[in-house]
Amino acid sequence: MTALTLAKLDDIDRILPLVAAFHAERGIAQDDAARRAAIRPLLEGSPHGAIYIAGPVRAPIGYAAISFGWSLEFGGLDGILDEIYIRPGVRRRGIGSEILLALPRALGGAGLRALHLETSRDDAALRAFYERMHFEPREDYILMSRKL
């Protein structure tokens, strides 16, 4: 089982390169100062989200970032798996599966009622993986965003 550890402020310099790598893979344009500003509150204990380190804290192999909200539809606290990243050299070893099975159990035990994520409609393999991890597409809904 891959260790999942709630990240703390001391971990920021180990998490930043992982987030930068994820953003580079996904084509997300953001500089390190903006990343640091987005990550820091979560590591300082913000109630709005958390970051979990996958693998050894001193040499993480990935991370999962979750944002918390409230859903009337789901009856309480819900979360969005905002980002999940595993280093390319250790992918396809079941680490992502372990994370996506462990997080809902742990967060559900803490009162989370639903966990959501978004993925590309065109990535059939990734969608199939998420479905194997018990995430269901909501075909009648699309995620819409307004950047402020």
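Glu73 counts as exposed, at 53% relative accessibility; here exposed means over 50% relative accessible area, buried under 20% and partly exposed in between, for a 1.4 Å probe and protein chains only. The model is predicted: local features need pLDDT of at least 70 and side-chain atom pairs count only at pLDDT 80 or more, while totals for chains, interfaces and linings use all residues. Residues are numbered from 1 along each chain as its sequence is written, and side-chain values use heavy atoms, leaving out hydrogens and water. Five strands form an open sheet with mixed pairing, and helix H3 is the element that gives the most to the largest nonpolar core, with five residues.

**Salt bridges**

- The whole structure holds seven salt bridges, each defined as a side-chain nitrogen of Lys or Arg within 4 Å of a carboxyl oxygen of Asp or Glu.
- One of them joins the side chains of Glu73 and Arg138, at 2.5 Å from N to O. This pair connects distant parts of the chain, since Glu73 lies in the loop between E3 and E4 and Arg138 in the segment after H4, 65 residues apart. Arg138 is partly exposed, at 33% relative accessibility.
- Arg127 and Glu139 also meet through their side chains, at 3.1 Å from N to O. They too link distant parts of the chain: Arg127 belongs to helix H4 and Glu139 to the segment after H4, 12 residues apart. Arg127 counts as partly exposed because its relative accessibility is 23%, whereas Glu139 counts as exposed because its relative accessible area is 54%.
- A further salt bridge brings together Arg14 and Asp11, at 3.0 Å from N to O. Arg14 is partly exposed, at 26% relative accessibility, whereas Asp11 is buried, at 6%.

**The sheet**

- Helices (H or I, at least four residues) and strands (E, at least two) are DSSP runs, numbered from the N terminus. Two strands pair if DSSP finds at least two bridges between them.
- The strand order in the sheet is E1-E2-E3-E4-E5. The edges are E1 and strand E5 (114-117), each of which pairs on one side only. From one strand to the next, the twist averages 30°.
- E1 and E2 are antiparallel and share three bridges. Across this pair, Leu4 faces Ala54 of E2.
- E2 and E3 also run antiparallel, joined by six bridges. Ile51 stands opposite Ala65 in E3.
- The antiparallel pairing of E3 with E4 extends over 10 bridges, and Gly62 has Ile86 of E4 as its bridge partner. The hairpin of these two strands has four residues between the strands, and in this hairpin Gly75 adopts a positive phi near 80°.
- Helix H1 (residues 12-26) lies across E2, E3 and E4, at about 85° to E4. Such angles run from 0 to 180 degrees between N-to-C directions, with axes taken as lines fitted to C-alpha atoms, for helices over the stretch in contact.

**Helix H3**

- H3 covers residues 95-109, 15 residues in total, and reaches 21 Å from its first C-alpha to its last, close to the 21 Å expected at 1.5 Å a residue. The expected span is 1.5 Å times one less than the number of residues.
- Its buried residues are Ile95, Gly96, Ile99, Leu100, Ala102, Leu103 and Leu107. An α-helix has 3.6 residues a turn, so residues three or four places apart point the same way.
- These buried residues of H3 pack against strands E1 (4-6), E2 (49-54), E3 (62-71) and E4 (76-86), and against helix H4 (124-132).
- Just after H3, Gly111 has a positive phi of about 105°.

**Nonpolar cores**

- A nonpolar core is a set of buried Ala, Val, Leu, Ile, Met, Phe, Trp, Tyr and Cys residues joined through side-chain atoms within 4.5 Å.
- The largest core comprises 22 residues, and those with the most contacts inside it are Ile66, Leu81, Ile84, Ile99, Leu100, Leu103 and Tyr130. At least two residues of this core come from each of E2, E3, E4, H3 and H4.
- Beyond its neighbours within four places in sequence, Ile99 is in contact with Leu4, Ala54, Ala64, Ile84, Ile86 and Pro104; contact means heavy atoms within 4.5 Å.
- A second, separate core has 15 residues, among them Val19, Phe22, Ala65 and Tyr85.
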